[in-house]
Amino acid sequence: MQTTDETGEWTSDLLPPGSQALRKESLTGGVANTVWRVALSDGREVVVKGGRSVPDGFFAQEAESLTALRDIGGLPTPRILHLGAKSLVLESLTSELPETAPFWEAAGRAIAALHEHTSERHGWHRDGVLGLLPQENAWSEDGHRFFAEHRIVRYLSEPLVEATFEAEELRALEGLASRLPDLVPAAPAVLVHGDLWRANIIADGAESPVFIDPAVYYGWAEIDVSMMYCTGRVPEAFFAAYHEVRPPVGEWQERMDLLNLRELLCMVAHFGADCGAPPRIRDVVSRFA
């Protein structure tokens, strides 16, 4: 997170009861919420995520995902200090990532360890939220079917996606989803972060990686890897360390853009044709047609 001009609506009820803010600065947040770093009167510095228009239960689901990553997956996440109806208060860490090989190697090993936690089924015990839209997590024993239905086809009926692509293009995307068993090796369901990219990694005081803003479920491990690979600015040290623990299957790089379709379609569903994702989606379809 980087400091930016303060925007969004701040009210004191975003804080834990009895807390007072001495000063605050606005940080970059996601599409769904505004984020502040706040100095409290008791001497603590915290991060406050607030959103008046977020879906009901949005922050409760985020808190649950952070807890699952930490307690089930052993992944470092910020301590949860307060959960409100329209806010989540976390310990304050740094967004200035150490640009060192040891930091990114530690991040790669941490995600590899997370992916050691498996399930017999793909999905989660309830649906979640990605951005401002539902993340469908209905259980499935078939990973190809889960990814096709709940990570690709589910976006094709979103209004901004329908407005961006011609009917023939939407049919091609649906056809591509149906051919996933021929394109992606079968893999077990593992615990995934679900929204893993550089901006969702921060650092603690010891310059070790800490992970934020998850959209947790059990799915293919390469879903997390693909987002790190396709969103850029992630050093090779991350992937090398990850694959030391979890060796890749076949030509893994060739699958990355295909598995990142979920993220690209989600961007179009939120922001429409001008978000930069449509040309990349069309390129993936043409390459795997």
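**Close-up 1. Packing of helix H7 against helix H8 in the predicted model.** Helix H7, which spans residues 221-231, packs against helix H8, residues 236-245, at an angle of about 165 degrees, and the axes of the two helices lie 11 Å apart. Because angles over 145 degrees count as roughly antiparallel, H7 and H8 are described as roughly antiparallel to each other. The crossing in which H7 passes H8 is left-handed. On the H7 side the contact is made by Ala221, Val225, Met228 and Tyr229, while H8 contributes Phe238, Phe239 and Tyr242. Sorted by class, this contact of H7 with H8 comprises 7 nonpolar residues, with no polar and no charged residues.

**Close-up 2. The open sheet of strands E6, E9 and E12.** Strand E9, residues 189-192, pairs with E12 in the antiparallel sense over 3 bridges. Opposite valine 190 stands glycine 219, a residue of E12.

**Close-up 3. Helix H10 and the glycine just after it.** Of the 11 residues of helix H10 (residues 261-271), 9 are buried, so this helix is largely enclosed by the rest of the structure. The buried residues of H10 are Leu261, Arg262, Glu263, Leu264, Leu265, Cys266, Val268, Ala269 and His270. Just after H10 comes glycine 272, which takes a positive phi of about 85 degrees.

Definitions and conventions
Residues numbered from 1 in each chain as written. Predicted model: local features only at pLDDT ≥ 70, side-chain atom pairs only at ≥ 80, totals over all residues. Heavy atoms only, no water. Axes fitted to C-alpha atoms, helices over the stretch in contact; angles between N-to-C directions. Helix = DSSP H or I, 4+ residues; strand = E, 2+ residues; numbered from the N terminus. Parallel < 35°, antiparallel > 145°, perpendicular 65-115°, else oblique. Left-handed = near helix turned anticlockwise from the far one by under 90°. Contact = heavy atoms within 4.5 Å. Nonpolar A, V, L, I, M, F, W, Y, C, P; charged D, E, K, R; others polar. Pairing = 2+ DSSP bridges. Buried < 20%, exposed > 50% of the residue type's maximum accessible area, 1.4 Å probe, protein only.
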